Number of protein chains: 2
Amino acid sequence: MSTLRDKILDTATDLFQTRGINSTGVDTIVAVAGTTKMTLYKYFHTKEGLILEVLNKSQQDFQNWLDNKLTNNSKAPSDKIKQLFDFIEEWVTSPNFLGMGFIKASAEFPNEENPIHQLSSKQSREFRQYISKLANEAKIKDADGLALQLSLLFEGAVQAEQMKRGSGAIKYAKKAAKLLIDGAIKQ
Amino acid sequence: MSTLRDKILDTATDLFQTRGINSTGVDTIVAVAGTTKMTLYKYFHTKEGLILEVLNKSQQDFQNWLDNKLTNNSKAPSDKIKQLFDFIEEWVTSPNFLGMGFIKASAEFPNEENPIHQLSSKQSREFRQYISKLANEAKIKDADGLALQLSLLFEGAVQAEQMKRGSGAIKYAKKAAKLLIDGAIKQ
DNA sequence: AATATACTATACCGTTCTGTATAGTATATT
DNA sequence: AATATACTATACAGAACGGTATAGTATATT
């Protein structure tokens, strides 16, 4: 596997997050990555293809990181859903945090017919299903309902943090999540 | 007051929401509005100026609409915060709903130094303060905390609806909001 | 020594972008 | 009749956009 391909992917990921996708030209990407357009277009047939790969890799990285955190720290199977927002807080408050790819992408490509919007929407749905799985393992009755609510808190908190770094929104999202989870367990 | 200026403003608002801000050129705006670039640049000195005015007007319209709804329907002063998500639901599920301007704009202009990002951030903060005022009038102790949590639910639900129209997310946001409000009142 | 692979360098194509310059029309005011 | 105002029509400047064509280099494989 070429290391240049990864370099382009990583550079694009960073630039898309910090400058926006539409505001980042391929000339900028190759200049920062230290390569040329010919190489970029060898690995990624179009800019749209590159964007889709960036989104996929970002989401995979996040999901893998979160799943490892939860797996390595939970004793009982019902611990995971309770610890979820602890690790989300860790992720959001990390100095490396640049935002959530699919949230920004869906805003830049608002048309539901657009492949980038569709991928974003799919990733959001899959993340919600992941939370739903955690809720099910914790024997929560309305697992899907709780998962949807937690995902709203999550996306709201990420949105708040994207607007103003260090907003502290995640602290309150965590509190709200605890209340909702406790309420759902007692049912 | 010129009617053409308003026509340009309305057209830009619609196009920015449906196609994205960066993806909408001024040529498209004037073509759809049925005028010319000379007229657009007479009223708005730059595209950035137009964007800022579009965001301001959108937010004013939304806030006015919401405030009228709440004022005309609340008997006791504490009713407003309880009815908040009823009207948010009405707004989100309306066929005219195209998303929240400042949420999309902040994603398209992620740099916190950017004037458009800064306006978006300010609008989000002001909306949270508005909710905070409602919570205070309802004699809720941690009014700011509750307002922040409700704003996270709000932005999360809007985000969800922007990703997939008819997601039904607002129903669950409403339930969660009721739980959080009741919890905050009992304290 | 010959060949394949990976990559660089550079120039270019056609299009779109924001913004302006120039000239002309239609309508209302004085 | 003269003038101001609002607007249209069109062409263009200068830059940036995505994407390609051509030629050449450096390295490893056979």
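Predicted model: local features only at pLDDT ≥ 70, side-chain atom pairs only at ≥ 80, totals over all residues.
1. The contact between the chains draws 40 residues from chain A and 40 residues from chain B. On chain A, at least two residues each come from H1 (3–19), H6 (101–108), H7 (115–137), H8 (143–163) and H9 (169–186). H8(A) gives the largest share of this side, 12 residues. Sorted by class, the side of chain A that touches chain B holds 16 nonpolar, 17 polar and 7 charged residues.

2. Which surface does each copy use?

3. The axes of H6(A) and H6(B), the latter covering residues 101–108 of chain B, come within 8 Å and cross at roughly 110 degrees. Angles of 65 to 115 degrees count as roughly perpendicular, and H6(A) and H6(B) are therefore roughly perpendicular to each other. H6(A) contributes A:Ile103, A:Lys104, A:Ala107 and A:Glu108 to the contact, and H6(B) contributes B:Ile103, B:Lys104, B:Ala107 and B:Glu108. The residues of this helix contact divide into 4 nonpolar and 4 charged, with no polar ones.

4. DNA strand D is surrounded by 16 residues. The closest are A:Gly25, A:Thr46, A:Lys47, B:Leu4 and B:Thr35. Two or more residues of the surface near DNA strand D come from each of H2 (26–33) and H3 (37–43) of chain A and H3 (37–43) of chain B. By class, this surface near DNA strand D has 5 nonpolar, 7 polar and 4 charged residues.

5. Is B:Ile131 buried or exposed? A residue is buried if 20 or more other C-beta atoms lie within 10 Å of its own. B:Ile131 has 21 C-beta neighbours inside 10 Å and so counts as buried. B:Ile131 belongs to H7 of chain B, residues 115–137. Leaving aside residues up to four places away in sequence, B:Ile131 touches B:Leu84, B:Ala147, B:Leu150 and B:Ser151. Of these contacts, B:Ala147 is 16 residues from B:Ile131 along the chain, with 5.3 Å between the C-alpha atoms of the two.

6. Most residues other than glycine have a negative phi. A:Lys139, although not a glycine, has a positive phi of about 60 degrees. A:Lys139 sits in the loop between H7 and H8 of chain A. With 10 C-beta neighbours inside 10 Å, A:Lys139 counts as exposed, the cut-off for that class being 12 or fewer.

7. In chain B, phi of B:Lys139 is likewise positive, near 60 degrees, in a residue other than glycine. Where is B:Lys139 placed? B:Lys139 is found in the loop between H7 and H8 (143–163) of chain B. B:Lys139 is exposed, because 10 other C-beta atoms lie within 10 Å.

Technical notes. Residues numbered from 1 in each chain as written. Chains lettered and ligands numbered in written order. Contact = placed C-beta atoms within 7 Å. Helix = DSSP H or I, 4+ residues; strand = E, 2+ residues; numbered from the N terminus. Nonpolar A, V, L, I, M, F, W, Y, C, P; charged D, E, K, R; others polar. Axes fitted to C-alpha atoms, helices over the stretch in contact; angles between N-to-C directions. Parallel < 35°, antiparallel > 145°, perpendicular 65-115°, else oblique. Near = placed C-beta within 6 Å.
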